[in-house]
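Here is a short report for a reader who is meeting this structure for the first time. Keep the view open while reading.

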There are 2 protein chains.
Amino acid sequence: MKITDIIEKKKNNKALSQSEIEFFINGVTDNSVADYQTAALLMAICINGMNAEETFFLTKAMIDSGDVIDTSFAGGIVCDKHSTGGVSDTVTPIVVPALAAAGLKVIKMSGRGLSHTGGTIDKMESISGFKAQLTEAEIKEAVSKSGAVIIEQSKSLAPADKILYGLRDVTATVDSIPLIASSIMSKKLASGSDIILLDVKYGSGAFMKTAKQALELAKCMVGIGTSYGKKCAALITSMQQPLTESIGCNLEMQSAVNVLRGEKNDLYTLSKEICARIFILAGLFLNTKTAFAAFDNLMQSGAVLQKFNQIIQNQGGDTSSLNRLKPAFNHKEIKSDSGGYVVQINAEAVGKAVATLGGGRIKKHDVIDKSAGIKLKIRINDYINTGDTVATLYCDDGAKIADAESILKDFYKLSPQRAKEHKLIYAYVDGLGATVKK
Amino acid sequence: MKITDIIEKKKNNKALSQSEIEFFINGVTDNSVADYQTAALLMAICINGMNAEETFFLTKAMIDSGDVIDTSFAGGIVCDKHSTGGVSDTVTPIVVPALAAAGLKVIKMSGRGLSHTGGTIDKMESISGFKAQLTEAEIKEAVSKSGAVIIEQSKSLAPADKILYGLRDVTATVDSIPLIASSIMSKKLASGSDIILLDVKYGSGAFMKTAKQALELAKCMVGIGTSYGKKCAALITSMQQPLTESIGCNLEMQSAVNVLRGEKNDLYTLSKEICARIFILAGLFLNTKTAFAAFDNLMQSGAVLQKFNQIIQNQGGDTSSLNRLKPAFNHKEIKSDSGGYVVQINAEAVGKAVATLGGGRIKKHDVIDKSAGIKLKIRINDYINTGDTVATLYCDDGAKIADAESILKDFYKLSPQRAKEHKLIYAYVDGLGATVKK
């Protein structure tokens, strides 16, 4: 088999066979296929696409390029959730203990953030002493004690994906549904969970700008997971505005703790939706009504907060530090120079402003400033008056605040009329199809 | 400007601007655009194409990446011909002296062969003492004496093309009309001639398998040359069978000498067509009838042979060695095991067999065995009987002869009926359009 013949075939818009896809991915992994050959094939895939079968074979070959985690030690139904990424998307510290509180097992592998704000692991490390890199023995012990761990994703999962991912960024081959879907799913499936609930974001703060694109990606990923023999489903949720008012590591962890302690907001609603869907996939409840109620009960009883504290302690964290989560002391308020209904918030601009404040990584090895962040005072359809504060920027470096301020110029739009009702949960997709919420 | 934005644009099937194409080619030349980025863009061009304007800008940017030869020292109309390559295509030793004999100037830059048989320079070096690398002073002296030189193409022409060419081969991005056309034309136009006559081959022994593809390529190249302000035209000619019966360096040079000494065959006919078209482009004659007659006269008078001998002597060659051009002594005849009309000859298989005998390069730095080669005893529509010799293989290494024999298995097809008439010259294309021969 020759890699040039495989590239040629995809260039001519023909479907690749499983053995051709395996040959390609093995060659990427062992470096016998050169970067420029991979780039040429990625571009051909980007333009000519891949059918569902090819996308599954690609995902499977990438899974097989590395380790597949054996989670059978957990002794129960192992579940996982994955978000395609947005601004102030901090559901993990709520969802993971809630699932564990319901008796499910969670070996949550998360990443660090690149672009915009920090990733889940960066946020968890706002808790003093929290360790995200555990040994196998430590993982087993924590899961047997509390049913859940939140750890940094192993580098040995889907190494071929890592190579493709790096190349895609520099060859303008990022926006391809089969490539995005196989990249995400290869790592998720290699993590060894029985149930995978995907949260596919759309809107100004997400990679997918429209609900339609998000739906297409969701269907593709659910198809892959189902073909691999897993219970897999997806929610399509809005990232038209940041999920909560707090953006930045300390601020986001603080808002998660607030929800764990009783606050109700979009973060609560989304966490509930995700957990309820997983409860149903796991067979704990038959419909969303009972599953939602179960989540509310677990939260209200304090069982989820207790589980959260256990998880932190299992991983060396100091739970008392949760009361000391604070943004930087130095801050600046941005005031509105007009009045009206907030009809649009540029979540991407907010994310970029946080990165500029030091709260995210611009380059891979940047150190995140946990105390940098933004508190938004507006949400879509709030009414504001001239002179109202719309955001507070936190950072010890005044120059960075000035830079972030310029990024935030015109980051929201006002109108005399309210915007059409904002829907946080747009649709649900499982192996049987998609249900768009009314 | 960012290369990823340019790749993205072509991926989305949009036309690139001149400045974007220049940015790309400058980046390729100074190495600021990585190989994998070039490969991704080449693939996007391959699939989505380029319009005539983009193709011209690409060619111009590649010309500007290196030297452009100033041929004004020649003191006359400088002309050039270029063949897209075929098997036993040895017109240069006839065409160049014929043009010079007609008073035109020729600074013919040729290449060495890769794949199949040797290139023009390899064949010229069958003449003992012949030097293809001349200093600028030597070139000027030779041209002022005899009006023509045949030299190895300078490495300083279109260096960007060299990089693209190398990458295309290993990324399955070879068969793109804009990429092929710009690659050929960048080197031709940088060579500084006033008139360029292209010989675009089609058929089993050519890169373009059909006349239609060849016509498309020819129109594209003529368009580029004309836009660059040159007199440029193209012939579409058949490579359904090797141009002559002799394939291999010594054998081909011998068959060129035979034509110069009076033999009439397809090599004569094609050389005449090429020269006549250039005569007309140069304004020496008004139509093919008078131009053809002029070529016949120059050949018959011995003026072309005399010019050929001068060119060889100017470049250190020993003209007496022309009488000693011989294939290897060791040889093997292949006989036909059936009878009928020859309706098909696989010219590509013949080329590959010659390469296997050592008469071509498999890898870039292979040394060509000038004495290796094949003499075909058949041409399309010959009638042969069982037991007739169809080819003789020449090589001092018996093992190579056996390998070549296996490549030549079934290289021709016989039929009780003749094939439809074989047309050597299929069409002529100039700035005004294409004329397909009746």
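**Where the chains meet**

This is a predicted model. Chain A and chain B touch through 21 residues from chain A and 21 residues from chain B. Together the two chains bury about 1700 Å². Carbon and sulfur atoms account for 71% of that area. Three residues stand out on the side of chain A: A:Lys11, A:Tyr36 and A:Ile47. They supply 34% of the area that chain A buries against chain B, more than any other three residues.

How many salt bridges cross between chain A and chain B? The rule finds two. Side chains of opposite charge can pair when their charged atoms come close. A:Lys11 is an example, for its side chain meets that of B:Asp175 in a salt bridge, at 2.3 Å from N to O.

Which elements of chain A supply at least two residues each to the side that touches chain B? They are α1 (3-11), α3 (35-48) and α8 (159-170). The most comes from α3(A), which gives 10 residues. By kind, the residues on this side of chain A divide into 11 nonpolar, five polar and five charged.

**How the copies are related**

Chain A can be laid on chain B with an RMSD of 0.1 Å. Which C-alpha in chain A is nearest the axis? That of A:Tyr36, 2.0 Å from the axis. Both copies use the same surface: 100% of the contact residues of chain A recur in chain B.

**Inside chain A**

Chain A is divided into three parts. Domain 1 covers 1-70 + 156-186, domain 2 covers 72-155 + 187-322 + 424-437, and domain 3 covers 331-415. The C-alpha centres of domain 2 and domain 3 of chain A lie 26 Å apart. Their contact takes 28 residues from domain 2 of chain A and 26 residues from domain 3 of chain A.

The table sets the two interfaces side by side.

| Interface | Buried area | Share on carbon and sulfur | Salt bridges | Polar contacts |
|---|---|---|---|---|
| Domain 2 and domain 3 of chain A | about 2100 Å² | 54% | four salt bridges | 12 residue pairs |

One salt bridge joins the side chains of A:Lys209 and A:Glu348, at 3.5 Å from N to O. On the side of domain 2 of chain A that touches domain 3, β6 (246-247) and α11 (249-260) give two or more residues. The largest share comes from α11(A), with three residues. This side of domain 2 divides into eight nonpolar, 14 polar and six charged residues.

**Salt bridges over all chains**

The count comes to 56 salt bridges over all chains. One of the pairs is A:Lys201 with A:Asp89, whose side chains meet at 3.8 Å, N to O. A:Lys201 lies in strand β4 (residues 195-202) of chain A, and A:Asp89 in the loop between β1 (79-83) and α5 (92-101), so the pair ties together parts that are 112 residues apart in sequence.

Key:
Residues numbered from 1 in each chain as written. Chains lettered and ligands numbered in written order. Predicted model: local features only at pLDDT ≥ 70, side-chain atom pairs only at ≥ 80, totals over all residues. Heavy atoms only, no water. Contact = heavy atoms within 4.5 Å. Buried area = accessible area lost by both parts, 1.4 Å probe. Helix = DSSP H or I, 4+ residues; strand = E, 2+ residues; numbered from the N terminus. Nonpolar A, V, L, I, M, F, W, Y, C, P; charged D, E, K, R; others polar. Domains from an automatic or database assignment. Polar contact = N/O pair within 3.5 Å; in protein donor to acceptor, adjacent residues only side chain to side chain. Least-squares fit on C-alpha atoms with pLDDT ≥ 70 in both.
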